[in-house]
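I will go through them one pair at a time.

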Amino acid sequence: GVFLRAGDGTLVALHGVQGVSVVRSTVHHEENWWYVTIPEGVIGGAEGLPPTYACGSIELALAPDVNECDSSPCDEDAICTNELEGYSCECREGFEGDGMSCIW
């Protein structure tokens, strides 16, 4: 699904919010891009997001963050942490190294 993060940090699912259009983008060549239109005044109140009437409707092109840890890029004795546009590796307790290479 497509989600927007509210001011309190919670995620709000945009699929199913009345008036919100969520469709696959046809202007991006990469997979998994979404084109989202939030009409004026739709979001706000119970969803925890500010109302859109201050700036009219909102149009967004969104793509999910790829979880680079799924491909196991770190050493087998490291912990992989997915980050926005990347990842980090840290050796497990008792091991030393940069996360890409950990020794005991």
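**Disulfide notes**

I looked at cysteine 69 and cysteine 80 and found that they form a disulfide, with their sulfur atoms 2.0 Å apart. The model I am reading is predicted. I read -80° about the S-S bond of cysteine 69 and cysteine 80, a left-handed link. Cysteine 69 sits in the loop between β5 (58–62) and β6 (78–83) and cysteine 80 in strand β6, so this pair ties together parts 11 residues apart in sequence.

Are these two cysteines buried or exposed? I found cysteine 69 buried, at a relative accessible area of 16%. Cysteine 80 is partly exposed, at 23%, because buried means under 20% and exposed over 50%.

Next I looked up cysteine 74 and cysteine 89, which form a disulfide with sulfur atoms 1.9 Å apart. The angle about their S-S bond is -75°, and the link is left-handed. I placed cysteine 74 in the loop between β5 and β6 and cysteine 89 in strand β7 (residues 86–91), so the pair ties together parts 15 residues apart in sequence. Cysteine 74 is buried at 14% relative accessible area, and cysteine 89 is buried at 16%.

Then I checked cysteine 91, which a disulfide joins to cysteine 102, S to S 2.1 Å. The torsion about this S-S bond is about -90°, so the disulfide of cysteine 91 and cysteine 102 is left-handed. Cysteine 91 lies in strand β7 and cysteine 102 in strand β9 (residues 102–103). I noted cysteine 91 as buried at 12% relative accessibility and cysteine 102 as buried at 10%.

How many disulfides does the structure hold? I counted three. With the bonded cysteines numbered in sequence order, I wrote the pairing as 1-3, 2-4, 5-6.

Key. Residues numbered from 1 in each chain as written. Predicted model: local features only at pLDDT ≥ 70, side-chain atom pairs only at ≥ 80, totals over all residues. Heavy atoms only, no water. Disulfide = S-S within 2.5 Å. Helix = DSSP H or I, 4+ residues; strand = E, 2+ residues; numbered from the N terminus. Buried < 20%, exposed > 50% of the residue type's maximum accessible area, 1.4 Å probe, protein only.
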